[in-house]
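Please consult the sequence and the structure shown here while reading.

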Amino acid sequence: MLKAYYHLLLRDLRLALRNRHELANPLIFFVLVVTLFPLAVTPTPDVLQAMAPGVIWVSALLAVLLSLDRLFKQDYDDGSLDQLMLSPNPLMILVLAKVSAHWLLTGLPLVIIAPLLGLFMSLPTEAVSALIYSLLLGTPVLSLVGAIGVSLTVAVNRGGVLLSLIILPLYIPILIFGANAVDVASDGLPVTGQLLFLGAVLALALSLAPLATAVALRITASR
Amino acid sequence: MWNWIQRFSSPKHFYSMSAPLINVFAISALLIGIYGLYLGLFVAPTDYQQGESYRIIFIHVPAAWMSLFIYMVMAISSGIGIIWQIRLADMVAAASAPIGASFAFLALVTGALWGKPMWGAYWVWDARLTSELILLFLYLGYMALQSAIDDQRSADKASGLLAIVGVVNIPIIHYSVEWWNTLHQGATVAKFDKPSMHIDMLIPLMLMALAFKLFYGALVLVRTRNEALYRDRNRRWVRELIEKL
Amino acid sequence: MLEVQSLECVRDDRLLFSDLSFSVAEAEVLQIEGSNGSGKTSLLRILCGLRQAEAGKILWHGESISSNREDFYANMVYIGHLPCIKGDLTVMENVRSLLDTRSLTLTDAQIEVALTKVGLQTYDDVPGKALSSGQRRRILLAFVELSQAKLWVLDEPLTALDVQGVALMESMIIEHREAGGSVIFTTHHGMKLDCNMSSVQLGKKRTV
């Protein structure tokens with residue numbers, strides 16, 4: 001079972017590394033969207049600093065949303081998804097492998113580049129560590145919950161807008177607590193509570209989302 | 001037992017049994033609703049803070065309750081549909097969604113109308129209104145997914161799973177929005193909290209809630225019957241019904 | 001081995017078949033016949049548990065496939081219309097990742113034997129995108145050969161194959177049958193199999 005997880009994770013990472021240009025796309029999108037805000041609102045550091053947590057978190061959320069498509073789309077189109085479902089291994093484990101690969105390829109790069117964006121948005125240094133921790137706990141949830149949405153919409157033509165419609169409301173708690181952690185940290189206050197909440201949601205998503213995704217994939221295959 | 005449930009929940013059986021119930025629900029909803037409105041609009045005392053404008057709660061609060069209640073009904077019947085493959089349950093879920101969305105919309109509109117005299121603005125980011133708005137989004141997502149998938153059975157199962165995921169999320173969303181709201185208290189002037197409501201206000205409120213539930217009962221029966229007819233339009237029992245006309 | 005009891009399938013409001021019963025024994029080759037749209041693909045997807053039937057049961061060694069899932073999937077291999085091939089992986093990696101879904105770890109030598117058999121001996125390092133569609137189908141044949149499955153479920157296995165490819169498929173089925181394995185397949189091309197074959201006919205439409 002662990003071997004099945006490891007093999008599939010490795011396959012997805014290898015596939016992504018052979019398509020490096022695609023790999024960078026969500027990251028560039030993330031940086032680009034954040035850059036738009038100083039241009040659209042004002043470059044005044046005070047205003048930017050007040051907006052920074054929300055802007056960075058919303059952009060990260062959208063970057064993950066745009067990248068969700070590649071989680072199952074290719075496998076669905078070429079039939080590999082059927083083979084995964086016909087595996088003697090529990091589908092949940094395979095789903096977890098695919099979600100892990102997705103997070104390593106999108107969530108983790110976002111976490112790594114986030115300090116740069118903190119710099120762009122005049123975020124005080126105390127808040128940067130809160131930004132990293134909150135993204136580290138929050139982005140896996142975005143991948144896990146997103147997987148449910150993609151597996152429901154992967155067979156729908158032009159399912160992109162539909163995907164955002166069904167997934168964004170579910171992302172709201174992560175957005176609230178993630179952005180607030182950064183906000184509070186820039187006032188120099190402790191953020192343990194917010195991080196604990198994000199951790200709790202991560203634990204919940206880790207235990208339930210692969211199950212829901214497996215059910216959703218079976219529904220999608222059954223047409 | 002199992003066979004009995006299967007027979008009882010067949011669309012054909014449901015269709016023939018449900019017709020008289022519609023009138024029972026609709027008429028009692030109408031009577032209780034009229035009485036509740038009369039008590040609420042004319043008998044209940046004027047609020048010492050809000051004057052007459054508070055009377056919108058007799059619509060607003062039951063509508064908000066119903067929007068949540070119907071989402072629960074949808075999730076539970078979707079669960080029944082997915083686990084036990086009972087088609088009638090899927091039909092109930094699909095038939096409920098637009099009703100629930102309408103109640104959520106009604107709660108938002110009445111909330112906004114109430115907000116104008118209370119806060120001086122039609123929309124403020126109050127915790128309950130925000131939660132209600134997110135609930136409306138959940139309904140819209142459900143309906144969009146339902147209509148995007150051509151195969152009826154997959155559409156039911158897929159949107160049903162979404163409803164269940166939504167139900168798990170609603171408490172989390174509700175809690176985070178409440179918490180977010182207390183952080184930004186400055187935005188709201190007063191809260192909807194009603195400390196110890198007067199009994200003359202409580203009775204019409206409960207009557208209106210009951211009337212709304214009965215109204216939903218009548219509507220969901222009508223809509224589920226239509227779903228059954230539409231989905232089974234190629235089956236023998238529907239053809240026979242049509243021939244009798 | 002596999003037993004199907006009173007299966008019913010509805011697709012987009014159309015009843016494709018109902019009360020369909022048959023069984024597949026060891027060393028049996030079964031062809032599913034029927035015109036376009038008669039539900040052959042749906043039937044095969046139901047047989048391997050990808051799709052749910054409206055009614056009916058599928059038993060694997062006397063137990064329903066959902067309760068006997070692990071054993072069933074370890075002994076059944078399915079290939080459908082889609083190639084399951086990743087353009088960015090080499091032929092060898094493609095075969096390996098298909099085998100990984102079945103938790104089979106084979107040596108390079110074993111895989112090369114199968115690739116030689118399907119006529120892809122010099123292709124192990126070629127990426128999937130450089131292959132023709134017939135060659136992609138041949139990778140699937142190698143996968144079926146290596147799958148160690150007793151039951152092969154093949155949906156239009158001759159699609160895109162040339163004359164030699166068709167002959168190869170035929171000989172693989174005969175060999176598999178002689179080794180005691182079973183095959184369920186559909187095809188629109190004439191498959192000349194030199195063995196006893198049973199068939200199931202789909203496509204007599206009725207309303208419920």
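## Contact between chains A and B

How many residues does the contact take from chain A and from chain B? In this predicted model, chain A contributes 21 residues to the contact and chain B contributes 23 residues.

On the side of chain A that touches chain B, the elements that give two or more residues are helix H7 (125–153), helix H8 (160–186) and helix H9 (192–221) of chain A. The largest share comes from H8(A), with 10 residues. By residue class, this side of chain A comprises 18 nonpolar residues, two polar and one charged.

Most residues other than glycine have a negative phi. Glu156(C) has a positive value, with phi near 50°. Ala160(C), which is not a glycine either, has a positive phi of about 70°.

Where in chain C are these residues found? Glu156(C) lies in the loop between strand E7 (151–155) and helix H6 (163–178) of chain C. Ala160(C) is also found in the loop between E7 and H6 of chain C.

## Exposure of the loop residues

Why does Glu156(C) count as partly exposed? A residue is buried if 20 or more other C-beta atoms lie within 10 Å of its own, and exposed if 12 or fewer do. Glu156(C) has 18 other C-beta atoms within 10 Å and is therefore partly exposed. Ala160(C) counts as partly exposed because it has 14 C-beta neighbours inside 10 Å.

Methods:
Residues numbered from 1 in each chain as written. Chains lettered and ligands numbered in written order. Predicted model: local features only at pLDDT ≥ 70, side-chain atom pairs only at ≥ 80, totals over all residues. Contact = placed C-beta atoms within 7 Å. Helix = DSSP H or I, 4+ residues; strand = E, 2+ residues; numbered from the N terminus. Nonpolar A, V, L, I, M, F, W, Y, C, P; charged D, E, K, R; others polar.
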